[in-house]
Amino acid sequence: MEYNILDFGARQENKNNAEFIQKAIDTCNQAGGGKVVIPTGTFISGSIVLKSNVELYLENGAILKASSNMMDFNLFNKEIDYDETLQVPSYQKCDYDGSPYLFFIYGENAENVQITGFGKIDGNEEIFYGETNQYQIDGRFYPRMPLIYLVNITHLSILNITCQRSAFWTVHLVGCNDVLIDGIRILNNLRLTNCDGIDPDHCKDVRITNCFIQCADDGIVIKNTAGNQKYGISSNISVDNCTIISTSGAIKFGTETCSDFRNIIFNNINIHSSNRGITIQLRDQGNIENVSFNNINIDNRAFKEKMWWGRGEPIAITAVKREETTDIGRIYNMTFNNINCDSESGILLYGENISGKYNIENVTFNNIYIKMHQKSKWSKNYKDIRPTYHYPNMIEHLVNVIYARNLENVTFSNLKFDIDKEYVKGNIGELYDVKDVNNFNVNPK
């Protein structure tokens, strides 16, 4: 059965169609399931709650747009100061337990849920703007509203839609199982902080494929947030055939790493116009194991200093304590195969020495090519290991092909690099700056 929202009272001229869209969803669910249709046109709405066996279908030309009234997203009637002024910019302090308090598209404890069609979901980003400059837009408060926030959904499909102008994490999935995300487009503002693309959080059996993602913050980022630990580890995740543009990290783990990550594969990815290409940021007690990256092209550059984490590294793996008292986990059994890099910086590997044992181990790089040359006006001469209690968390240092600290069993096979001769002058230090590393090999015979 199909349930057109127009039949339930939705109109383009309404300031908030949430009541009518929700009535269509509830009717569909109570009838045993079917398709709720958002027809061609722009429909403004506050929070809506998806239910089991319901497909939310956006016709080609349909736009489901977030209301301009933030009260319309306070689904659980919490006391919120919408005019909070950030005392510290969110790129410096962005601790977040994964539990927002404003919601647009929401669902929890359901099964057989779909969001499909060739229409658009629009987050109306401007209503969340805080401090603005030519390089970056911060938010009025933190955390802001995710565009799609789904919790404990089994058999979830998100297909073909366009998500645009989100002011926070765009697709945040918490504790979801058997997830397919295929063919979606995420078109966010490349200046707006914290507007991640896709964030599987404590999720299992996830397939992300054929997606185009453009966002200022991380593109596809696997997380285990502290507030959602009851959902266990992140495992059995595959990402294939995607294109990602990000002012921060295109592919990322963390920094929320309170549970384990296991059996995760990235294949056939194109990354361009990004700050960091692949960044692993372990900061908490979880472990990251059995992860591979295969057939990836990375074309990246450094962005504005200090605002965005990183200095234009194609690959950055850091495993350092968030706080001095943190029980930090470890990274092990990670492989990188057939990675082509066009960048301003080299590979950053930085772990911890925990009671005489290093916490990054058994990392293998096969067929890596790095072309290094000047691409931006920003300084590259420091190593950025934020966020961490360590001081300094930005270490002054010349650029290297490989910079490595506190590692165990790291091998580069068939590593090739090409450094522009003019870029060498005053920028490049030792090609391989490796200290406190056991069993480190480059191009072994």
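## A buried asparagine to start with

Asn124 counts as buried, because its relative accessibility is 5%, below the 20% cut-off. You'll find Asn124 in the loop between β8 and β9. Its phi is near 55°, which is a positive value in a residue other than glycine. Keep in mind that this is a predicted model.

His202 sits in the loop between β16 (198–201) and β17 (204–209). Its relative accessibility is 1%, so His202 counts as buried.

## The chain as a whole

Zooming out, the chain has two helices and 34 strands. Its radius of gyration is 22 Å, close to the 22 Å that the globule rule gives for 445 residues, so the chain is as compact as a globular protein of that length. Along the principal axes, the C-alpha atoms fill a box of roughly 70 × 40 × 40 Å.

How many of the 445 residues count as buried? The share is 60%. As for contacts between residues at least 6 apart in sequence, 77% of them join residues at least 24 apart. The accessible surface comes to about 16600 Å², and carbon and sulfur atoms account for 44% of that.

## Strands around β11

Now for some strand pairing. β11 (residues 148–159) runs parallel to β7, and nine bridges join the two. One place to check this is Gly107, whose bridge partner in β11 is Leu150. Leu150 also has a bridge partner in β13, namely Leu173. β11 and β13 (residues 171–174) pair in the parallel sense over four bridges.

β14 (residues 177–182) joins in too: five bridges link it to β11, and these strands run parallel. Here you can look at Ser157, which has Leu180 as its bridge partner in β14. If you're tracing side chains by eye, remember that in a regular strand they alternate between the two faces of the sheet.

## A hairpin, β9 to β10

Which way do β9 and β10 run, parallel or antiparallel? Strand β9 (residues 129–132) and strand β10 (residues 137–139) run antiparallel, with two bridges joining them. They form a hairpin, with four residues between the strands. Tyr129 stands opposite Gly139 in β10.

Phe118 lies in the loop between β7 (105–117) and β8 (120–122).

Setting aside neighbours within four places in sequence, Phe118 is in contact with Leu58, Glu59, Asn60, Gly61 and Asn160. Leu159 is 41 residues away from Phe118 in sequence, yet the two are 8.5 Å apart in space, C-alpha to C-alpha.

## Two cis prolines

Last stop is the loop between β31 (382–384) and β32 (394–396), where Pro387 lies. The peptide bond joining Arg386 and Pro387 is cis, with omega about -10°.

Pro392 is found in the loop between β31 and β32 as well. A cis peptide bond joins Tyr391 to Pro392, and omega there is about 0°.

Conventions
Residues are numbered from 1 along each chain as its sequence is written. This is a predicted model: local features need pLDDT of at least 70, side-chain atom pairs count only at pLDDT 80 or more; totals for chains, interfaces and linings use all residues. Side-chain values use heavy atoms; hydrogens and water are left out. Two strands pair if DSSP finds at least two bridges between them. Contact means heavy atoms within 4.5 Å. The radius of gyration is taken over C-alpha atoms; the globule rule is 2.2 Å times the number of residues to the power 0.38. Buried means under 20% relative accessible area, exposed over 50%, partly exposed in between (1.4 Å probe, protein chains only). Accessible areas come from the Shrake-Rupley method with a 1.4 Å probe; for residues, only the protein chains shown count as cover.
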